Amino acid sequence: MRVLVTGAAGFSGRHASERLAQEGMEITAVVSSRVPAAGRRPVSGAAVELACDLTDRESVRSLLDRVRPDAVLHLAGRNAVDESWRTPDLALTSNLLSTVYVLEAARALPDCRTLVIGSMLSPRQNEDLARSLHPYGFSKALQVTAALAWHHWYGQQVIVAEPCNLIGPGGSAGICGKIARWAAACERDAESGREPASFRLSSLEERRDFLDVRDAAAAYAKLLRTGEPGVRYALESGTLRSLGEVKAAFDRASRVPLRWEIGTAGGPSPQARHADAIRALGWQPSVPFGRSIGDTLQFERERAEESA
């Protein structure tokens with residue numbers, strides 16, 4: 001299977017490309033043409049690496065016409081909630097329009113399967129999109145709606161996966177990635193005799209479902225092969241964990257005591273979603289939460305040493 005992976009240089013994209021290659025797929029890694037190539041690490045597992053601006057319609061059409069993949073794993077986009085508040089137009093351009101351009105280009109390849117990666121932070125079905133919690137969730141909801149519409153209108157083999165909070169090594173922009181970078185810096189400060197900084201958590205009560213990115217990559221491989229077009233697959237670990245549990249896991253993994261500031265104004269905890277559909281295909285999460293936290297912190301330690 002020839003698979004074109006967009007967003008291949010990102011946190012999820014690197015893990016997905018490596019996993020798909022391990023399963024015998026031929027990977028064309030697509031990276032942003034707006035990011036300088038100098039200093040960018042090659043994508044592990046990729047047979048070919050190509051640069052493209054996915055917000056340019058003709059560039060996307062030319063890309064798929066050149067590669068003619070059997071499947072597309074569409075991971076590219078903007079995934080920062082705070083950034084989406086400042087530039088909602090860019091969130092919509094990156095998450096919605098790029099998806100539409102990929103779907104349209106794939107329409108010229110009738111046998112091509114397209115797996116679009118949404119987010120559990122988007123509103124659920126039948127919820128009022130205008131009351132989305134943030135522009136990011138709004139953009140991802142529209143992305144998923146477009147993906148399913150192209151399946152309905154044109155009969156394209158479009159599948160949707162909506163992962164929960166992905167964690168693990170690789171430089172995630174999520175809360176666990178931020179904490180890991182801070183904890184690694186605290187360890188370096190302690191070794192140098194400097195006073196470590198503190199990290200503020202909004203509360204200890206907020207709960208999230210955390211899934212290791214390597215388990216998500218395995219789910220993407222499963223869905224590319226056997227996922228049913230037109231279906232939204234929730235990807236969950238099945239366990240909601242409080243921020244207090246996240247704090248405790250980093251306290252155990254750190255080599256030095258960590259200084260926390262704990263607030264009392266945490267946001268709402270999302271409801272759990274059922275991952276029965278993907279589990280019915282034989283997928284199960286396999287990476288324990290504690291290992292994910294430890295591996296994330298170790299990655300940040302090693303990255304800091306490389307850049308020193």
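Cys 164 is buried, with a relative accessibility of 5%; "buried" here means under 20% relative accessible area, with over 50% called exposed and anything in between partly exposed (1.4 Å probe, protein chains only). Keep in mind that this is a predicted model, where local features need pLDDT of at least 70, side-chain atom pairs count only at pLDDT 80 or more, and totals for chains, interfaces and linings use all residues. Residues are numbered from 1 along each chain as its sequence is written, and side-chain values use heavy atoms, leaving out hydrogens and water.

So what about disulfides, meaning pairs of cysteine sulfur atoms within 2.5 Å? The structure holds 0 of them. Cys 164 is in none, and the nearest cysteine sulfur belongs to Cys 176, 11 Å away.

Now look at strand E6, residues 157–163. (Strands are DSSP runs of E with at least two residues, helices are runs of H or I with at least four, and both are numbered from the N terminus.) In E6, 6 of the 7 residues are buried. Two strands pair if DSSP finds at least two bridges between them. E5 (residues 113–117) runs parallel to E6, joined by 5 bridges, and Thr 114 has Val 158 as its bridge partner in E6. E6 also runs parallel to E10 (residues 232–235), with 4 bridges; there, Val 160 is partnered by Arg 232.

How values were computed. Disulfide = S-S within 2.5 Å.
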